[in-house]
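Trainee: Could you walk me through how to read the open spaces, the ligand site and a few local features of a model? I would like the general idea each time, and then the case at hand.

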Amino acid sequence: MATVETKNIRKVFQEHTAVDGVDLQTREGEFLVLLGPSGCGKTTLLRMIAGLERQTSGDILIGGRVVNEMPPRERKIAMVFQSYALYPHMTVAKNIAFPLKAQGAEPKTIDARVKTAASMFGIERLLQRKPRQLSGGERQRVALARAMVREPDVFLLDEPLSNLDAKLRHMARDELQQFQRRLKTTTVYVTHDQVEAMGLGDRIAVMSAGKVRQLGRPQEVYDDPADTFVAGFLGSPPMQFFENDGALVGFRAENLLPKAVYSSNEPLVSFWYRVTRVEDLGADRLLYGSLRDLAPDTKMIVNLPSTIHVPLTPGEAYEFACKVNDLKFFDPKTGLRIPSRPLRGKA
Ligand code: ATP
């Protein structure tokens, strides 16, 4: 086990700054997710930690040691790519054994380690197959087994689940987290999928344009976004905003409920919500509409659990409410969080 640390790390490609002064420090055994939209610099950051890309400036530390000058193979890291990069002509057993062979390990050691890795990932029965005879999920397990066979201090994973279909991805996510918890190997995991990040990460670093905008536990980043970028990137639908008295006010679709649902002693802010359309999704009802008096021209989605039985007719306005603490305020110029304030002109 080891920690990974980057100190003011930058990467400039020709004119383009891909990573722009990132300070990060994992904890021992932590699952840290780098989350951000395409092109924000997450893969470049991961590749610099791996030693596959040389940083323009700044330091990288693994296990407390500066590794700037160290080639990838000496960093005690194992990287799994989106493509898995399995050798197509080799059996699963040979694929897993490959890094050990390359290190010149004894055949007996190789055998034992391959067996352990295979049993850990439940792929013993696949050892004699070739990669093309495996499902996407099985390939992922082989790639992970091959990564762990060298007993690395750190796992670096770049979108390893993105080739799997939605159903398999759920299972694979669960498995991956279980393996990581069992092995307790510090893991840095890159994804642009916020659901994956929320589900897997001990902490999430949300990135945009080469910078880390916020680092925190998933719930913390979701509930207390540092700025409008983070608020708008997490959640489905993302946080929704309207302008009020010089501030951008944000709330989440699940935070606005019919006023009658709340118990009487909670501090609430109420709104007249005009419903324009209702979508029944089974477990939830999605309402499309707007805040009649505060922002009549801004579309707002409300996510209502189907257990709340309220008749809603499109075209009508209803009294809805949100807990005071669920309203988040942001500076419209900088996008940064600002202290809460009373709403002017509320219903
Ligand atoms: P994605 O999710 O699409 O992989 P990402 O967040 O991982 O995106 P990076 O691959 O790190 O983003 O790329 C960050 C920026 O740096 C992008 O604008 C990309 O075009 C640029 N970039 C990456 N590698 C190179 C390179 N070798 N030469 C020039 N520009 C590059």
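This is a predicted model: local features need pLDDT of at least 70, side-chain atom pairs count only at pLDDT 80 or more; totals for chains, interfaces and linings use all residues.

Trainee: How many residues line the second largest pocket, and which lie nearest its centre?

Mentor: The second largest pocket has 14 lining residues, with Ala93, Lys94, Ala97, Asp111 and Val114 nearest the centre. Helices α2 and α3 (107-120) each give at least two residues to that lining. Its volume is about 270 Å³.

Trainee: And what is the volume of the largest pocket?

Mentor: The general idea for finding such spaces comes first. Rolling a probe the size of a water molecule over the atoms shows where empty space is left. In this structure, the largest pocket holds about 550 Å³ of space. Its lining counts 19 residues, and Ile77, Ala78, Met79, Pro99 and Arg150 are the ones nearest its centre.

Trainee: Which elements supply the lining of the largest pocket?

Mentor: At least two residues each come from β6 (77-80), α2 (92-103) and α4 (136-148). By class, the largest pocket is lined by 15 nonpolar residues, one polar and three charged.

Trainee: How many cavities of 30 Å³ or more are there?

Mentor: A cavity is read differently from a pocket: a probe fits inside a cavity but cannot get out, whereas a pocket is open. Here there are two cavities of 30 Å³ or more.

Trainee: Which residues line the largest cavity?

Mentor: The lining is made by Phe31, Phe121, Leu144, Phe155, Leu157, Leu176, Phe179, Gln180, Leu183 and Thr187. Eight of these residues are nonpolar and two are polar, with no charged residue. Strand β7 (154-158) and helix α5 (166-183) each contribute at least two residues, and α5 has the largest share, with four.

Trainee: What about the lining of the second largest cavity?

Mentor: That one is lined by Val4, Glu5, Thr6, Leu24, Gln25, Thr26, Leu32, Ile49 and Val188. Strands β1 (4-13) and β2 give two or more residues each, and β1 gives the most, with three. The classes are five nonpolar, three polar and one charged.

Trainee: Now the ligand. How many residues surround the ligand, and which are closest?

Mentor: To read a ligand site, I take the shell of neighbours, then the polar contacts. The shell has 13 residues, and the closest are Ser38, Gly39, Lys42, Thr43 and Thr44. By class it divides into four nonpolar, seven polar and two charged. Both β2 (16-25) and α1 (42-50) supply at least two shell residues, with α1 giving the most, at three.

Trainee: How should I read the aromatic pairs?

Mentor: A pair of aromatic rings is described by the distance of the centres and the angle of the planes. The count here is seven aromatic pairs. One of them, Phe241 with Phe330, is edge-to-face, at 5.6 Å centre to centre and 80 degrees between the planes. Phe241 belongs to strand β11 (residues 240-244) and Phe330 to strand β18 (residues 328-330), so the pair ties together parts that are 89 residues apart in sequence.

Methods. Residues are numbered from 1 along each chain as its sequence is written. Side-chain values use heavy atoms; hydrogens and water are left out. On a 1 Å grid over the protein atoms alone, a cavity is a set of points where a 1.4 Å probe fits but cannot get out, and a pocket is an open set with protein on both sides within 12 Å along at least five of seven lines; lining residues have an atom within 4 Å of a point. Grid points are joined across faces, edges and corners, and a volume is the space filled by probe spheres set on the points. Ala, Val, Leu, Ile, Met, Phe, Trp, Tyr, Cys and Pro count as nonpolar, Asp, Glu, Lys and Arg as charged, and the others, Gly among them, as polar. A residue is near a molecule or strand if one of its heavy atoms lies within 4 Å of it. Rings of Phe, Tyr and Trp (its six-membered ring) pair if their centres lie within 6.5 Å; planes under 30 degrees apart count as stacked, over 60 as edge-to-face and the rest as tilted.
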